Amino acid sequence: MPDWRKLVNEHLAALALEPYERAEVVEELATHLDETFLDLRRRGFSEEDAAKSCLSEVNDWSDLRRKIQSARRKEDIMSNRITQFWFPGIMTFVLSEAFLALMQKFGPNPWILAWGQPPIAMFYIPWLLSLSLIGGIAAYLSHRAGGSRRAVLSSIVFPVPPFLAMFLLLQFPFYFSFKEIAGVDFPVSLIIDWHGVHHITALAFLSALLGWVLVPGAALLVGGLLVQLFASRRLDSRRIAGS
Amino acid sequence: MIGAGIKRGTAELAVLSVLENGPLHGYEMARRIEQQTKGALRFTLAALYPMLYRMEQRRWIRGSWEIGHNGRRRRCYRLTAAGKKKLSPLRQEWAELFSALRRLAKVTHA
């Protein structure tokens, strides 16, 4: 029987893995060739034909080396959780905050929602629209990294809990000092009697919650879910076609 | 005989499906797939192992060294919980694809 270990070891000498990992790959592939050879011999193949058949299992050893390297190392660099959730999620949050700051500095005046006097809340429409795009980017990145539906969805709505936390924080007396420090206004701010927190009505609070947390969350979801739907169909058909 | 492109696309489903019945090592897996598909799907060593390593990285399968009945060390692969979870939607996608192709090509069973 040919020395398959020696053969595989020579062909995969340049395999760029840790020594123990490389040794494992060599052993596994050599064992596969051993078993193939013995099986062919049992089935009546001559030693020469069995060896030829074994050798035909690999046409291009360099290509196999590259594929093994890629398969074993690619996902070591960033774990699945990072590529499928944390990276798209944090990117969504950073982009949404950056767009908000830009809109507040350079964007058009916000749309003010009012049911009588005083007005209840204001909406930065371009920012809300940009959130759909940002949600879409998050969905695409998470999906491309092989994220499950839950990972994709979580990365799309990643900024919502921070929005909620900031909203709750800023509703109270910290509002003015925080605004002075951060220099960023609410995307949807309550325009009520801020000097008297006691005067916050349930309606105003809910309106602000709607605009501060729920509407941005919905905007992120709209774009994200559309991209997720499109990307999953496209990638699935690609995978099925094997391209 | 099924074309090469489609074969590559079926690989993940084939591996997950044979592992559903219990752990197998690489050679056994390739043989099982070939036998069960009556030779329509055949994995060479060069096609099988990069795919197994990729699936292992995705945590769909887990490999561990075991001593076989002949006293030889072999790496056996098992389906993980994530792999089991992946199998069901994959089957669904393939069923939908074949159903769509049947409708399109008006293929009927002989």
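Modeller: Helices (H or I, at least four residues) and strands (E, at least two) are DSSP runs, numbered from the N terminus. The model is predicted; local features need pLDDT of at least 70, side-chain atom pairs pLDDT 80 or more, while totals for chains, interfaces and linings use all residues. Residues count from 1 along each chain as written, with chains lettered from A and ligands numbered from 1 in written order.

Biologist: Which residue in the turn between S2(B) and S3(B) has a positive phi?

Modeller: Strands pair if DSSP finds at least two bridges between them. S2 (residues 61-67) and S3 (residues 73-79) of chain B pair antiparallel over 7 bridges. They form a hairpin with 5 residues between them. The turn residue with phi of about 80° is B:Gly71.

Biologist: What is the bridge partner of B:Leu24 in S3(B)?

Modeller: Strand S1 (residues 24-25) of chain B runs antiparallel to S3(B), joined by 2 bridges. The partner of B:Leu24 is B:Tyr77.

Biologist: How far apart are the end C-alpha atoms of H4(B)?

Modeller: H4 of chain B covers residues 81-105. The expected span is 1.5 Å times one less than the number of residues, so 25 residues should give 36 Å. The end C-alpha distance agrees, at 37 Å.

Biologist: How many residues of H4(B) are buried?

Modeller: Buried requires 20 or more other C-beta atoms within 10 Å of the residue's own; exposed means 12 or fewer, partly exposed in between, with C-beta atoms placed from the backbone. H4(B) is hardly covered. Among its 25 residues, the buried count is 2.
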